[in-house]
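Have a look at the model first, then work through the notes.

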Amino acid sequence: MSPARIVIAYFSPTGGTKKVALALKESFAAALPSTVNAPGLTLKLPTSPVTTFNCLSVKSRHKDLQLTPNDLFVLAYPVYFGRMPWALSDWPALQGNGASALVVSVYGNRAIEDGERETMALLQDHGFKVVGAIEAIAEHSQERTLAQGRPDAADIADLKAIAAQVVNAYRQGLKAYDFDRTTELKAPGKAPAVPRILERSQCDDCGRCALLCPMQIINPETFEVPEDKAAMCMGCRACMAVCKMGCRGLPEPVLKAVAARMAQIKTANSARKPNVLKLA
Ligand SMILES: Cc1cc2nc3c(=O)[nH]c(=O)nc-3n(C[C@H](O)[C@H](O)[C@H](O)COP(=O)(O)O)c2cc1C
Ligand code: SF4
Ligand code: SF4
């Protein structure tokens with residue numbers, strides 16, 4: 001039997017994870033039947049069984065999201081310093097109710113490290129049966145020249161084939177995926193600095209940065225992160241990506257330090273890494 005619904009949630013501060021999620025949406029929809037057959041007639045389903053859910057904002061993660069045992073839930077997240085974005089730990093409205101779940105780790109061609117098993121544990125704690133993982137590449141959001149342009153056409157073709165494999169495996173009955181829940185996770189990474197308004201005169205007080213920050217740490221009047229909340233910043237850059245005025249960013253010396261660190265990472269990870277499907 002095919003999954004009744006496939007719900008793809010994506011957490012995408014700068015758009016790379018969303019690209020992977022949307023490619024998967026299209027591919028899952030192509031792999032699932034869009035019609036039902038009754039004796040003598042074929043009926044087109046009124047709505048697609050594949051939907052997406054943007055889980056970036058705190059508000060979205062407080063919105064009721066109930067799955068049922070015949071659903072497949074797909075969570076696409078970006079890897080940060082080999083871990084899951086810690087904002088995802090705060091998702092009170094997510095209820096698995098025994099649905100199957102697949103973790104999609106989107107990373108910038110360096111490494112996933114503990115992000116995958118951490119996200120699997122999160123989904124298990126929310127009542128899902130974790131059945132596997134997809135590892136996909138997107139442009140590195142700290143250093144755009146690493147994995148530049150990915151996911152590209154070849155990645156989209158990979159994701160299409162992967163989605164078809166998942167649907168086939170689901171029909172045959174997916175087993176729970178065995179992963180390590182006991183080894184201590186690596187220490188969380190530290191954002192190089194908190195983004196701030198670099199050009200006050202250009203800010204039009206639209207408030208989009210404060211609204212969208214997945215940690216809700218941007219003051220909605222000053223649009224700055226107060227000192228006592230700076231340690232909560234994940235360095236995700238959602239506030240920079242959403243600023244249409246382009247006045248939000250990291251100071252020049254910080255950018256130089258990030259570029260120097262990333263130059264070494266880039267050299268060590270110049271070979272193209274593949275998209276991977278892992279099932280039990
Ligand atoms: C603070 C930060 C830490 C990151 N850490 C890693 C990492 O450990 N490994 C990796 O391969 N990519 C890493 N990346 C790259 C992102 O995982 C990758 O670019 C992802 O596609 C970003 O998702 P988004 O475009 O949806 O925001 C990091 C990016 C940021 C901003
Ligand atoms: S303040 Fe930090 S956590 Fe909030 S959106 Fe900006 S980079 Fe992300
Ligand atoms: S998104 Fe940019 S323009 Fe809008 S309030 Fe924030 S810093 Fe100002």
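Sorted by class, the residues around ligand 2 come out as 11 nonpolar, 1 polar and 1 charged. Here Ala, Val, Leu, Ile, Met, Phe, Trp, Tyr, Cys and Pro count as nonpolar, Asp, Glu, Lys and Arg as charged, and the others, Gly among them, as polar. Keep in mind that this is a predicted model: local features need pLDDT of at least 70, side-chain atom pairs count only at pLDDT 80 or more, and totals for chains, interfaces and linings use all residues. Side-chain values use heavy atoms, with hydrogens and water left out, residues are numbered from 1 along each chain as its sequence is written, and chains are lettered from A and ligands numbered from 1 in the order in which they are written.

**Ligand 2**
- The shell holds 13 residues, with Cys-213, Cys-233, Cys-236, Arg-237 and Cys-239 the closest (a heavy atom within 4 Å puts a residue in it).

**Ligand 1**
- This one has 24 residues around it, and Ser-12, Thr-14, Gly-16, Thr-17 and Glu-139 come nearest.
- The Thr-14 side chain puts an N or O atom 2.6 Å from a ligand 1 oxygen.
- For Thr-17, a polar side-chain atom sits 2.7 Å from an oxygen of ligand 1.
- The protein buries 99% of the 640 Å² that ligand 1 exposes when taken alone (Shrake-Rupley areas, 1.4 Å probe).

**Around Leu-41**
- Leu-41 belongs to strand β3, residues 41-44 (strands are DSSP E runs of at least two residues).
- Leu-41 counts as partly exposed because its relative accessibility is 42%, and that class lies between buried (under 20%) and exposed (over 50%).

Conventions
Helices (H or I, at least four residues) and strands (E, at least two) are DSSP runs, numbered from the N terminus. Buried means under 20% relative accessible area, exposed over 50%, partly exposed in between (1.4 Å probe, protein chains only). A polar contact is a pair of N or O atoms within 3.5 Å; within protein, one must be able to donate a hydrogen and the other to accept it, and residues adjacent in sequence count only if both atoms are side-chain atoms.
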